[in-house]
Amino acid sequence: MSGNEAVARGCLEAGVSVVTAYPGTPATNVVEALGEVAPELGFWAEFSVNEAVAIEVAAGAAFSGVRAMMATKMLGVNLIADALTVVTVTGVRAGLVIVTADDPQQFSSQNAEDTRFYGMLAKAPVLEPADGQEAKDMAKYAFELSEQLELPVFLRITPRICHSSFPVELGELTKPKRDGKFVKDKKRFVMISTYSRPRQKLLREKMERAKLINDGNRWNKVMDFQNGKQFPKGAVFNTFGIIASGLTYPYVEEVIEVMGLSARVLKLATTFPLPENLIGSFIRELDQVMIVEEGDNVTEMQVRALAQHRRLSARIIGKDDNILPWSGELNPDLVGDALGKVFGIKFREELTEPYVEAEKLITPRIPTLCAGCPHRASYFAIKEAIKKKGKGGSVMGDRGCYNQGAYEPLEGMDTCICMGASIAMASGVFHSGSAEPSLAVIGDGTFYHAGIPSLLSAVHNRANITVLIFDNSITAMTGHQVNPGSGQNLMGLPAPFTNLKKVVEALGVEHVKVINSFDTKALVAAVMEEVDFDGPSVLISRSPCALVVERNLRKRKLKMPVAVVDVDKCTGCKVCMKKIGCPAFGWSQDPKPHMEVLPHCNGCGLCMQTCPFNAISIPGKKEGVLGMTIRKEVPK
Amino acid sequence: MNIVLAGVGGNGVVLTTRIIAEAALKEGTDVRVGEVHGLAQRGGTVVSHLRIGPDAKGVLVPQRKGDMLLAFEPLEALRQLKLLKKGAKVILNNEPFVSVDSHLGLSKYPDVCLIIERIQATQDLVDVDATHLAIKAGSVIMTNVVMLGTLSASNELPISRDSLLAAIKARVPQHMVEANFKAFELGEKAFRDWQAAKVCEPHPDLSN
């Protein structure tokens, strides 16, 4: 099973009663897997509207005496910090586990932050599994540790755990508790300064206890290797040691075995707080210790401090000496390079000349908006409107699928910072005194997540901005998760349909319009008009996600009409490509250069509007239908 | 054994990896799989590492330690070449997928003929027209199953044909089983008919 599924399974074996999350790669399917079985097994699972809400719901449940889990990607931890740093002061009554998926390689994240700093900041223990089995077992154990210390506990995983598959031996499921009760205790849960201040001492004591518990953690293991063979600790003599945390351990093990190295290894599962006695005695017997960890030098800093504190003379090496890289994920080759510097060996097979020659041909492949994506149509309209208006303009962007519109040729958004930033940043551009129109684009999921307060603030502060909400009524980026606009919740239960237009109106926005994303004419006109309006205005550009429509049609064996190019009319001018850059455009030289429609065309029809020679048509599409549709001649 | 699978979002790299992994598990072999599919649905690069047998420690195949590459697209094959041992088998779908930025002239999609030549310089390459064979079998969606057929016929995998077919059957909709088996057989036939001496004719510039 995948690492994410293993974590979900561990939670079930722990009898988790409340599960919350906001979708974020690579952690999304931890909770998706749980949402599917929640109704049957009798626990609660939800996608909350954002991570701050998710942690508060989970903490409320843990305050009420039932086990709760909250899952997020590492950027979501920034949002939970507000609650978390106080919940560690109150402590919890039942296990509260935060599963955080860090993304050191930035496969799909704006930064590469290391969650362990939040563990240190809030004083919440951090566990790191090395494989799928440990992911499952540690998820279960995390609840026990959380209850032992009455503290929230982080389970830190990375894409190489989340999206990898491992053989995992399963344990027994535990029945979830559904008898939560919040027992009042104001000196513990009302964290006004009078009550909070005295509890800091308790938190300090908990950290000291956590260190001792971690000394005996069953996944912290010390072993000796001699010429690549593994021995129990002390069976052979070593002066060089390695501390390998989480999933870097298998890399270390592989390099040692393949290269026949000798070293004492501490496989570290508890990365905060460190098991100080265990690490102290580990380095006491060694001359040199290398710290192998993914992310920042969190363990390395602490081990250095510990060595100084305990007056140990072993030389500590790692990222600080640039022996291991500071950024990006680790892999066996990078670990091999680092150990190579110590042992003078070469683990990495060098690329010989023919490989180097082949590498030279490689070009990057930039992701795009999908064929038929309504965001492409929205960006196209915004661009046309700005061009027609002739006053310039900036488009503050947000976080979602529509980020793919930042690439050529659309170049439709000018910033991508964090969830909800678009509207507030557009307000900032306006208040800076900019003479150009200030626009913002944000998806529906992102708007519910973090856009509402910034829009309210824009209204309150009379920001003259034009906001486009790209509404496909689903959180598409992370793989089509439900949101308040979807009409159902994570457990598949019907949920109220949030009326986006009414929400916007209720915030005090006077100019609100809902427009079909593929109604380019109306959208262009509306953008041009609203840019002139003195005050905040909102255009809801609405159309379903092309992938969702396509899948639903395919399931029903229905066909979509697709675009056809008239080879005689097409001059090969590439205007269509330069205007909208659809991935369903191919190129053919036979019999003359012309655009060729590829099989994954979804027939949205946007390209027809771009062709100066009317060379593109969609046979079988009803007159006046905007966007994707089914074929006219479908039998009733 | 280290197997690398590479392609573009929508090629079915992840699904194919799981089919092989499930077939291997069924035969009682230890399997580890590492996948990267951050923007899989958006035309981005997709790679998975499949490690079969007791030597598999971590999920990642180190540089030039791969025993085989199953590539769904020529440029993506080239991108993962550095993971392969010299002489390791490459099974390639030779239908290129040119990205928007190449069409716009922002990057240059290399000549497929040249790509094949470069791969052949170090690897034992079998290229098949899996895309069109899949269309022949009923749908372009089954391109990955054609590739599985070719892979199976190559006898490079320590997994039986029956186990692969069973894993395919378990993964596809009931009404598509027959078509998928046909696609698999077309892939097998493509391996048998493949001519090592095939001369590659230079293609016209695909991105222009």
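View 1. Leaving aside residues up to four places away in sequence, Ala58(A) touches Val18(A), Thr20(A), Ala68(A), Met69(A), Met70(A) and Leu96(A) (contact: C-beta atoms, placed from the backbone, within 7 Å).

**View 2. Helices H5 and H8 of chain B.** H5(B), residues 130–137, packs against H8(B), residues 177–193, at about 140° with axes 9 Å apart (axes are lines fitted to C-alpha atoms over the stretch in contact, and angles run from 0 to 180 degrees between N-to-C directions). H5(B) is therefore oblique to H8(B), since angles under 35 degrees count as roughly parallel, over 145 as roughly antiparallel, 65 to 115 as roughly perpendicular and the rest as oblique. Look for Leu133(B) and Ala134(B), among the H5(B) residues that meet H8(B), and for Leu186(B) and Gly187(B), among their H8(B) counterparts. The contact divides into 8 nonpolar, 1 polar and 2 charged residues (Ala, Val, Leu, Ile, Met, Phe, Trp, Tyr, Cys and Pro count as nonpolar, Asp, Glu, Lys and Arg as charged, and the others, Gly among them, as polar).

**View 3. Helices H1 and H6 of chain A.** H1(A), residues 3–13, and H6(A), residues 132–149, pack at about 30°, their axes 7 Å apart. That angle makes H1(A) roughly parallel to H6(A). Among the residues that meet are Ala6(A) and Val7(A) from H1(A), and Ala135(A) and Met138(A) from H6(A). By class, this contact has 6 nonpolar, 3 polar and 5 charged residues.

**View 4. Where chain B touches chain A.** Chain B brings 53 residues into contact with 47 of chain A. Strand E2 (31–36) and helices H2 (74–80), H3 (100–103) and H4 (112–120) of chain B each supply at least two residues of its side (helices, at least four residues, and strands, at least two, are DSSP runs numbered from the N terminus). E2(B) gives the largest share, 6 residues.

Residues are numbered from 1 along each chain as its sequence is written, and chains are lettered from A and ligands numbered from 1 in the order written. In this predicted model, local features need pLDDT of at least 70, side-chain atom pairs count only at pLDDT 80 or more, and totals for chains, interfaces and linings use all residues.

Terms used. Two residues are in contact if their C-beta atoms, placed from the backbone, lie within 7 Å.
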